[in-house]
Amino acid sequence: MPGELMTAVAVVEDYLAAVGAGRTADARRFLSPDATLVFPGGKTYRSLDELAEGSAGRYRFVDKHRDEYDTLSTPDGDVVYSLGRLHGENAHGVAFDGVRYADRFLVRDGLIVEQRVWNDLAETGVLTARTPDDLDERWRAP
């Protein structure tokens, strides 16, 4: 992998680690001032604060098991795909794990200018579960 693509992966990895750990100030430094964050349902945010506010009723916390990265260079910047599984706790306090996700990042000049997120949180019933028994065993936290 060329050096600039390795750098782009490192930016994305450090950003995702900071977001997952709740270190918003650290995560912000990886975002371009005009970054766009697009989440399932076409929900678009312009900042991590907007994202946190928009996600507050969906889950208490969520983080990612980052299983793999794919990359490519484009005239607009470096594209990094992060693929893996979500884990966390929904708004009702039910722990979950193993829900697949895919994120696409556009990295330009060492900063994330766009993040597009796809995941199966809604399809798995994770967001509406009120007890662990409401979840299929595949999505229950160990």
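**Figure 1. Salt bridges in the predicted model.** By the rule applied here, the count comes to 11 salt bridges. The structure is a predicted model, and side-chain atom pairs count only at pLDDT 80 or more. Side chains of opposite charge can pair when their charged atoms come close. Selected pairs are shown in the views that follow.

**Figure 2. The salt bridge between Arg-28 and Asp-49.** The two side chains meet at 2.7 Å, N to O. Arg-28 belongs to helix H2 (residues 24-28) and Asp-49 to helix H3, so this pair ties together parts that are 21 residues apart in sequence. Arg-28 counts as partly exposed, with a relative accessibility of 37%. Asp-49 likewise counts as partly exposed, at 46% relative accessibility.

**Figure 3. The salt bridge between Glu-114 and Arg-104.** The side chains of Glu-114 and Arg-104 meet at 3.4 Å, N to O. Distant parts of the chain are linked by this pair: Glu-114 lies in strand E6 and Arg-104 in strand E5 (residues 95-108), 10 residues apart. Glu-114 has a relative accessible area of 18%; because buried means under 20%, Glu-114 is classed as buried.

**Figure 4. The salt bridge between Arg-138 and Asp-136.** Here the side chains of Arg-138 and Asp-136 meet at 3.1 Å, N to O. Arg-138 is exposed, its relative accessible area being 57%, whereas Asp-136 counts as partly exposed at 36% relative accessibility.

**Figure 5. A network of salt bridges.** Three residues, Glu-13, Asp-63 and Arg-66, are linked in a network of salt bridges.

**Figure 6. The largest pocket and its centre.** The volume of the largest pocket is about 670 Å³. The pocket is lined by 30 residues, of which Val-19, Leu-51, Ser-55, Tyr-59 and Val-62 are the closest to its centre.

**Figure 7. Elements and residue classes in the lining of the largest pocket.** At least two lining residues are supplied by each of helix H1 (3-20), strand E2 (43-45), helix H3 (48-55), strand E3 (59-74) and strand E6 (111-119). Strand E3 provides the largest share of the lining, 6 residues. Grouped by class, the lining contains 18 nonpolar, 7 polar and 5 charged residues.

Key:
Residues are numbered from 1 along each chain as its sequence is written. This is a predicted model: local features need pLDDT of at least 70, side-chain atom pairs count only at pLDDT 80 or more; totals for chains, interfaces and linings use all residues. Side-chain values use heavy atoms; hydrogens and water are left out. On a 1 Å grid over the protein atoms alone, a cavity is a set of points where a 1.4 Å probe fits but cannot get out, and a pocket is an open set with protein on both sides within 12 Å along at least five of seven lines; lining residues have an atom within 4 Å of a point. Grid points are joined across faces, edges and corners, and a volume is the space filled by probe spheres set on the points. Helices (H or I, at least four residues) and strands (E, at least two) are DSSP runs, numbered from the N terminus. Ala, Val, Leu, Ile, Met, Phe, Trp, Tyr, Cys and Pro count as nonpolar, Asp, Glu, Lys and Arg as charged, and the others, Gly among them, as polar. A salt bridge is a side-chain nitrogen of Lys or Arg within 4 Å of a carboxyl oxygen of Asp or Glu. Buried means under 20% relative accessible area, exposed over 50%, partly exposed in between (1.4 Å probe, protein chains only).
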